[in-house]
Amino acid sequence: MILRHLFSPLNNRRLGHLCGPTDAHLRSIEAALEVRIAHRHEQFKVDGPKAKAQRAMDMLQALYEMAAKPIPDEVVRLMLAGDVAPDAGPGPALATRRADLKPRSVNQAVYLDNIAQYDITIGIGPAGTGKTYLAVAAAVDALHRSAVQRIVLTRPAVEAGERLGFLPGDLNQKVDPYLRPLYDALYDLMGFEQVQKAFERQALEIAPLAFMRGRTLNNAFVILDEAQNTTPEQMKMFLTRVGFGTKAVITGDVSQIDLPKAQLSGLVDAERTLRRVEGIAITRLTSADIVRHPLVARIVDAYDAARRAEELAAAALEGLPALAAEVPAAPLPKTRVPKRAIRP
């Protein structure tokens with residue numbers, strides 16, 4: 001289907017901002033929606049399947065309306081990733097250095113609402129859905145409002161499928177590589193100088209999960225990141241650190257578990273065990289909430305589909321023992337989630 005549109009009155013400045021440097025915005029839309037866009041001055045033509053061509057045309061119109069100034073690449077990617085425009089996200093506004101920070105999807109808004117309402121919130125979803133970033137933003141907002149006295153960020157020191165061995169330096173230098181994503185979020189939301197001042201007055205603490213045992217955290221905002229790499233015992237230990245006036249957020253992606261294959265993930269176990277506990281909220285984010293490059297959502301969906309196919313194949317083999325002899329001797333690929341963690 002071919003759709004044509006004439007942007008009038010002619011405004012070359014807006015058209016330049018709409019197209020982006022060397023038509024970069026148009027190329028992003030073409031790649032994400034699988035359409036072709038041609039233009040000559042103010043005349044645009046979109047060629048592709050009906051639904052995708054119409055969405056591309058609607059997006060061009062939305063971009064033209066906001067093209068009074070240059071449009072950043074991330075704005076285009078966010079619009080392609082979600083069902084709502086980046087400035088139309090519902091949910092609470094957060095007091096951080098990023099004045100434009102707000103949820104980009106309905107699920108992200110629900111996630112932030114749950115963090116504000118419940119003392120313990122579990123956020124589960126694939127990479128790029130903003131689980132950690134939004135949790136850190138909510139923590140910074142709570143610190144600025146004096147709702148808490150300090151922020152404590154922690155995560156298990158587990159490598160992503162590699163064994164790095166002993167790292168050089170003192171204790172802080174050894175654990176910094178594991179905690180770098182948390183530092184990056186803090187620097188973006190608070191600024192480098194404010195982060196350093198917060199460390200100096202002990203209003204900010206970042207530590208591996210192993211350092212949490214035996215502590216009681218009062219009047220704090222505690223975030224456990226990469227919780228899929230905890231064991232059930234570690235998860236229970238973390239949850240029982242929560243003291244008076246403390247809010248805890250647990251984030252993780254159950255499709256990226258780096259534990260030994262026979263080890264049950266503490267995040268999977270917690271979701272199953274705590275789902276009916278009053279005062280705890282569990283928020284599920286999906287590939288529709290990803291705010292990175294549009295290809296990231298497709299990659300996540302492809303891996304999820306492959307994993308489901310493996311699980312169905314394994315379940316079919318277990319349910320049909322008579323056919324087991326017909327299966328080749330080579331073992332089937334296994335997922336990272338132990339069988340006992342998979343609910344029927």
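Helices here are DSSP runs of H or I with at least four residues, strands are E runs with at least two, and both are numbered from the N terminus.

**View 1. The whole chain, before zooming in.** By that count, the protein has eleven helices and nine strands. This is a predicted model, so local features need pLDDT of at least 70 and side-chain atom pairs count only at pLDDT 80 or more, while totals for chains, interfaces and linings use all residues. Residues are numbered from 1 along each chain as its sequence is written, and side-chain values use heavy atoms, with hydrogens and water left out. Of the 344 residues in the protein, 44% are buried; buried means under 20% relative accessible area, exposed over 50%, and partly exposed in between, using a 1.4 Å probe and protein chains only. A contact means heavy atoms within 4.5 Å. Among contacts with a separation of 6 or more, 71% are between residues 24 or more positions apart.

**View 2. Thr154 in strand β5.** Thr154 sits in β5, which covers residues 150-155. Is Thr154 buried or exposed? Thr154 has a relative accessible area of 0%, so it counts as buried. For the polar contacts in this view, read a pair of N or O atoms within 3.5 Å; within protein, one must be able to donate a hydrogen and the other to accept it, and residues adjacent in sequence count only if both atoms are side-chain atoms. The Thr154 side chain reaches the backbone oxygen of Ala207 at 2.8 Å. A polar atom of that Thr154 side chain also lies 3.5 Å from the backbone oxygen of Pro208. Setting aside neighbours within four places in sequence, the residues in contact with Thr154 include Leu182, Leu209, Met212, Ile223, Asp225 and Phe238.

View 3. Asp225 is found in the loop between β7 and α9. Its relative accessibility is 4%, so Asp225 counts as buried. What does the Asp225 side chain make a polar contact with? The partner is the side chain of Thr251, at 2.8 Å. Not counting residues up to four places away in sequence, Asp225 touches Thr132, Thr154, Arg155, Pro156, Leu182 and Thr251.

**View 4. Ile206 in strand β6.** Ile206 belongs to β6, residues 204-208. With 13% relative accessibility, Ile206 counts as buried. Ile206 touches Leu153, Leu179, Leu182, Tyr183, Leu186 and Phe199, leaving out residues up to four places away in sequence.

**View 5. Helix α9 and its cover.** In α9 (residues 232-239), the buried residues are Pro232, Met235, Met237, Phe238 and Leu239. Which elements cover them? The cover includes β4 (120-124), β5, β7 (220-224), β8 (247-252) and α10 (266-274).

**View 6. Helices α5 and α6.** Two packed helices are described by the angle between their axes and the distance between the axes. Here α5 (residues 106-117) and α6 (residues 131-144) pack at about 40°, with axes 11 Å apart. The axes are lines fitted to C-alpha atoms, for helices over the stretch in contact, and angles run from 0 to 180 degrees between N-to-C directions. The two helices are therefore oblique to each other; under 35 degrees counts as roughly parallel, over 145 as roughly antiparallel, 65 to 115 as roughly perpendicular, and the rest as oblique. Gln108, Tyr111, Leu112 and Ile115 in α5 meet Lys131, Leu134, Ala135 and Ala138 in α6.

**View 7. Helices α1 and α3.** α1 (residues 12-19) packs against α3 (residues 50-65) at an angle of about 125°, with their axes 9 Å apart. That makes α1 oblique to α3. On the α1 side the contact is made by Arg14, Leu15 and Leu18, and on the α3 side by Leu60, Leu63, Tyr64 and Glu65.

**View 8. Two loop residues with positive phi.** Glu34 lies in the loop between α2 (24-33) and β2 (36-40), and Glu34 has a positive phi of about 60° although it is not a glycine. His41, in the loop between β2 and β3 (43-47), has a positive phi near 55° and is also a residue other than glycine. The relative accessible area of His41 is 56%, so His41 is exposed.
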